[in-house]
Amino acid sequence: MGAVPDRPFLQAVGNTPLIRLRSASEQTGCAIFGKAEFMNPGGSVKDRAAKYIVLDAFRRGVLREGGTIVEGTAGNTGIGLTLAGNALGLRTIIVMPETQAVEKRSMLRGMGAELRLVPAVPYKDPGNYVHQARRLAEELAGSAAGGVLYANQWDNLANREGHIASTGPEIWNQTEGRIDAFICAVGTGGTLSGVSEYLKQRRSSIVTAAADPDGAAVYSWVKHGELKASGSSITEGIGLGRVSGNLEGARIDDAFNVPDSEWLPVLWELIGKDGLYVGGSTGLNVAAAIRLARQLGPGHTIVTMLNDSARTYESKLFNREFLESRGLPPPPWLG
């Protein structure tokens, strides 16, 4: 078993504030809170997955200083893994679909990641970025000093275990156990499954639910037992089309499908009225929390995730031409 180094990045991940969302709470008569994951050092909830995946690899002896991390990612997990890698003396190679926001590419390169952009193709295609990352890790495994880790955030259960160990307990303590429901989007399944597992261990009646964009299949899987999807979304980093290892066996009670036209106005309120400069998946999370609040009725306490900042999506979210070409409402302050 390898020694686990102690580094500033690892110390800074987690223990994020829980913020009462004024606009959403006033609309529903519920207390809706958001976990401010954009305050993690890499700027997103994915820093938690990166921390626990890398720590687990060190503990198991898969990685040592001088080793290499390889991952296929839409961006945020790659940012977290790169910063963790920098802190621990590791090389990081990120394989990313070329359709992702230019801001994420710039951040990854600026942090020192080796970024490999590939065409965006479905998961069933061998050229999908996830499969390319796995093959690359296998190719490097025999020659890289310090070991090679294929992070595999979807099926690596250190992701889910990290949320059982950190996010779930934090939410329970910050609400003093007075929580009625938890809801969030599914990227890998780690956050929803891990937080749900912990909360239901504390009180099984807590409602847990998935928030799904158009084009994703988790809503259909939860509601009807089949993976079926239609449409598309401008969100990035969320929207799963398969049952990942982290999602398998998750204790999920309900699901909500929220189209872009519904969550974008919620995002504009979060930015323009609550002063929270958050990204698209957060807008979807809060829109779904509003749906869940209305279903439960006034007086309940609901928690969701403020996944990341809008900074990594500015070229899309604040691009009037991009939004209007898709029939979506731009921010009202753009004029």
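This is a short walk through one protein chain, from its overall build down to a few single residues.

Okay, a word on the ground rules. What we have is a predicted model, where local features need pLDDT of at least 70 and side-chain atom pairs count only at pLDDT 80 or more, while totals for chains, interfaces and linings use all residues. Residues are numbered from 1 along each chain as its sequence is written, and side-chain values use heavy atoms, with hydrogens and water left out.

So, the big picture. The chain has 13 helices and 10 strands; those are DSSP runs, with helices being H or I of at least four residues and strands E of at least two, numbered from the N terminus. Its C-alpha trace spans about 60 × 45 × 40 Å along the principal axes. Does the radius of gyration agree or disagree with a compact globule? For 335 residues the rule gives a value near 20 Å, and the chain has 19 Å, so the two agree. That radius is taken over C-alpha atoms, and the rule is 2.2 Å times the number of residues to the power 0.38.

Of the 335 residues, 58% are buried, where buried means under 20% relative accessible area, exposed means over 50% and partly exposed is in between, with a 1.4 Å probe and protein chains only. The chain exposes about 13,000 Å², and carbon and sulfur atoms supply 48% of that; this is the Shrake-Rupley method with a 1.4 Å probe, and for residues only the protein chains shown count as cover. Now contacts, meaning heavy atoms within 4.5 Å. Among contacts with a separation of 6 or more, 69% are between residues 24 or more positions apart.

Charges, quickly. There are 34 positive and 34 negative side chains, and the centres of the two sets lie 2 Å apart. Here Lys and Arg count as positive, Asp and Glu as negative, and His and the chain ends are not counted. The place of each charge is NZ of Lys, CZ of Arg, CG of Asp or CD of Glu.

Now for the aromatics. The structure holds four aromatic pairs. Rings of Phe, Tyr and Trp (its six-membered ring) pair if their centres lie within 6.5 Å; planes under 30 degrees apart are stacked, over 60 edge-to-face, and the rest tilted. One of the pairs is W268 with F318, and this one is tilted, at 6.0 Å centre to centre and 40° between the planes. The pair links distant parts of the chain: W268 sits in helix α10 (residues 260–272) and F318 in the loop between α12 (314–317) and α13 (320–324), 50 residues apart. W268 is buried, at 6% relative accessible area.

Why does the pair of Y277 and F318 count as stacked? Because the ring centres are 5.8 Å apart and the planes are at 5°. This pair also links distant parts of the chain, with Y277 in the loop between α10 and α11 (280–296), 41 residues from F318. Y277 is partly exposed at 32% relative accessibility. And W268, Y277, F318 and W333 form one aromatic cluster.

Let's move to helix α7. G162 is in that helix and is buried, with a relative accessible area of 1%. Leaving aside residues up to four places away in sequence, G162 touches Y52 and T167. I164 and T191 are 27 residues apart in sequence, and their C-alphas are 8.6 Å apart in space.

L157 is in the loop between β6 (148–150) and α7 (158–174). It counts as partly exposed at 36% relative accessibility. Not counting residues up to four places away, L157 touches G245 and N246. L157 and A49 are 108 residues apart in sequence but 9.6 Å apart in space, C-alpha to C-alpha.

Last stop, backbone angles. Most residues other than glycine have a negative phi. N15, which is not a glycine, has a positive phi of about 55°. N15 lies in the loop between α1 (8–12) and β1 (18–20), exposed at 65% relative accessible area. E176, not a glycine either, has a positive phi of about 55°. Where is E176? In the loop between α7 and β7 (181–185), and it is exposed, with 56% relative accessible area.
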